[in-house]
There are 2 protein chains.
Amino acid sequence: MGLNGAAQAPTLEMVAARAGVSRATVSRVVNGSPKVKPELISAVNAAIAELNYVPNRAARSLASRRTESIALVIPESTSRVFADPFFAMIIQGVAVHLAATDYTLGIVVASEANPDKTRRYLTGGNIDGALVVSHHSGDHSYERLGRTVPVVFGGRPLHADDGESYYVDVDNIAGAVTATRHLIERGRRHIATIAGPADMPAGFDRELGWRRAMTEAGLDTGLIEWGDFSPASGAMAMRRLLARKVPLDAVFAANDQMALGAYAVIAESGLSIPDDIAVVGYDDDALGSAAAPALTTMHQSMTELGAAMAEKLVKLIEGEPAEHATILQTRLIVRGSS
Amino acid sequence: MGLNGAAQAPTLEMVAARAGVSRATVSRVVNGSPKVKPELISAVNAAIAELNYVPNRAARSLASRRTESIALVIPESTSRVFADPFFAMIIQGVAVHLAATDYTLGIVVASEANPDKTRRYLTGGNIDGALVVSHHSGDHSYERLGRTVPVVFGGRPLHADDGESYYVDVDNIAGAVTATRHLIERGRRHIATIAGPADMPAGFDRELGWRRAMTEAGLDTGLIEWGDFSPASGAMAMRRLLARKVPLDAVFAANDQMALGAYAVIAESGLSIPDDIAVVGYDDDALGSAAAPALTTMHQSMTELGAAMAEKLVKLIEGEPAEHATILQTRLIVRGSS
DNA sequence: CACCAGTGTGAGAGCGCGCTCATTCAGTCG
DNA sequence: CGACTGAATGAGCGCGCTCTCACACTGGTG
């Protein structure tokens, strides 16, 4: 193997010796201090390049009491529904945003059986800040961490906000209003909704938006069934709606997966989309556009949400002012199903 | 605020003082050394509990030259297709497996514009080992890292394996053979395939499995079109197959997303599934089961793959022997589409 | 020409922990 | 009863870095 692979990683000290300066000066150059003579800067940089020096993160963190790393916390129960692209997109948004900074991203799956392990990890000086995402996105049980370490939540608090937590959310109410109005404009009058769980803001708010648009148009809000955001639950909800044997000419589903579950049931019943029943979903899943007919839906960028969360957290960590709430807008995408 | 939130985190030293022992003894207890008197162990544990002590990761890592953290590397270009539940499931598998250990999981999005940044991070003593997943899953461009730090790949090397890299893969060839044979057993004879890119093992191997099963049954292997694993590409491939105007009674798609893309085109053409054309997919996406008719597919657990990767890496890090290759089996799930 | 401000640089003290090595204290043997 | 072994514990160094502070040097001022 020639030179042993275990050759010691170069240290600040070695760079200093090589460049003929002190450790302190090399440290200044590495950290971009303004008060170093240009000639020394280039000498140091040359030495760094020659030795292929990389600062040791652990040492730096020990000395500076900062870790340059943030954690994305996902409750374990949530991780089981990981199949939902939702989280993947958020992670992507966070990761890509952080890639441009010096922060490192850690994924923490919070065991519900042993919440203290997570809490200790988070408060034990291992991270500079935390991002918390839950499928029960109103779950702010990590709120108290905020006293110790900056925390940004994905999704607004389900309960009355104390005005102290930081979060990024999409405007679910406005999105649902837009989706429902779209169906009304298309001339539909018997518009059902397949709602999500009322204990999640995403479920609650989308239902609220539907109610608001319906009421505003003087339409009846009796046609509602609940699912759990899974395709199967969407199918079951659709079955229950059809079983009511009342006029029904459109469905607003609280997410695309449930909408596609409904598709199957509608097809089984010999009804056609959108002629008999128009369908609008929510989330703009990749598969909605490949379905037949392509699904009309509300688009909201989860990568954008992840990026916004990361951005807000970095601001907090670095002591810059940041808004408590950031609300992202959604966009109607009209396709063949409505 | 009463007691300041910035109250110093307790240190080994403080625990030692509290328990009336030396730092070394506390360290032994924390690290489970066998040679400590039981009475001291409990005294120390009591002190730890009272002070709510958590070891400082940076200091520990500095002193021990181990970081207790591993990185999951995802090339940036791959991260754009993050919408594919594929990665999310792998991350989940890795994260859940690691949650039971002391290792921390970091997500690294490798910028292709600046590969050195990633390479330096990985070799700079920041991690104990790395997991590399790429959509181009044959991409072992991080292979050389293996000399510096243990690496486990997701997916086998695309090119001739030098027998030195460690990887976990699913048995794509066997899975495709199984899927194709299933169609043959159902009496289909004009079986097309919508293959994935031939420069990815998942694409190449599934195509190979289809060819193998077809040849073995004496059937023609001319009915092939390629996609890129996206629903839209599946739809286009199906369109090209139908445009050939040759007998066609079944399609094996290299993944479910392309299969569902094909669904739409088959429906448009007024053909029925499975009566006119039977369809089998691959991956067991959540949506396949909600489609109408429900999609027959090959199931392979990506969470299992992630867990297997993590397990293998931990073994390598801890110096235990580990197989170079681990091949996971797939399972046929028969539903309404075939 | 002594004096002071300003600027750049180096010396050195930790950061919290693991680990080696010396030390202590029982218990055992000759 | 004193030397000897072995197990349990403690003292202290060093991991690689940041940061404070003192120092050296420059150039202008009284």
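In this predicted model, an open sheet of twelve strands runs across both chains, in the order 11(A)-5(A)-4(A)-3(A)-1(A)-2(A)-2(B)-1(B)-3(B)-4(B)-5(B)-11(B), and its pairing is mixed. The edges are held by strand 11 (325-328) of chain A and strand 11 (325-328) of chain B; each has a single partner strand, so one side of each is left without a neighbour in the sheet. From one strand to the next, the twist averages 20°.

The join between the chains comes at strand 2 of chain A and strand 2 (residues 104-110) of chain B, which run antiparallel and are linked by three bridges. Here G106(A) sits opposite G106(B). Within chain B, strand 3 (residues 129-133) and strand 4 (residues 151-154) run parallel instead, with four bridges between them, and V132(B) stands opposite F153(B).

Helices pack on this sheet too. Helix 12 (residues 302-317) of chain A touches strand 1 (69-75), strand 3 (129-133), strand 4 (151-154), strand 5 (166-170) and strand 11 of chain A, and its direction makes about 165° with that of strand 5 of chain A. In chain B, helix 12 (residues 302-317) packs on the sheet against strand 1 (69-75), strand 3, strand 4, strand 5 (166-170) and strand 11 of that chain, with an angle of about 165° to the direction of strand 5 of chain B.

Turning to the contact between chains, 50 residues of chain A meet 50 residues of chain B. On the chain A side, helix 4 (57-64), helix 6 (85-99), strand 2 (104-110), helix 10 (231-243) and helix 11 (256-268) each put in at least two residues. Helix 6 of chain A gives the most, with nine residues. By type, the chain A side that touches chain B splits into 30 nonpolar, 16 polar and four charged residues.

There is also a helix pair to look at inside chain B. The axes of helix 1 (residues 12-19) and helix 3 (residues 38-51) of chain B come within 9 Å and cross at roughly 120°, which makes helix 1 of chain B oblique to helix 3 of chain B. The crossing is right-handed. From helix 1 of chain B, M14(B), V15(B), R18(B) and A19(B) meet A43(B), V44(B), A47(B), I48(B), E50(B) and L51(B) of helix 3. The residues of this contact comprise eight nonpolar, no polar and two charged.

As for confidence, chain A averages a pLDDT of 87, and 91% of its residues score at least 70. Residues 1-6 of chain A fall below 50, and beyond near neighbours in sequence this stretch has two contacts in the model.

Definitions and conventions
Residues numbered from 1 in each chain as written. Chains lettered and ligands numbered in written order. Predicted model: local features only at pLDDT ≥ 70, side-chain atom pairs only at ≥ 80, totals over all residues. Axes fitted to C-alpha atoms, helices over the stretch in contact; angles between N-to-C directions. Parallel < 35°, antiparallel > 145°, perpendicular 65-115°, else oblique. Left-handed = near helix turned anticlockwise from the far one by under 90°. Contact = placed C-beta atoms within 7 Å. Nonpolar A, V, L, I, M, F, W, Y, C, P; charged D, E, K, R; others polar. Pairing = 2+ DSSP bridges. pLDDT = per-residue confidence, 0-100.
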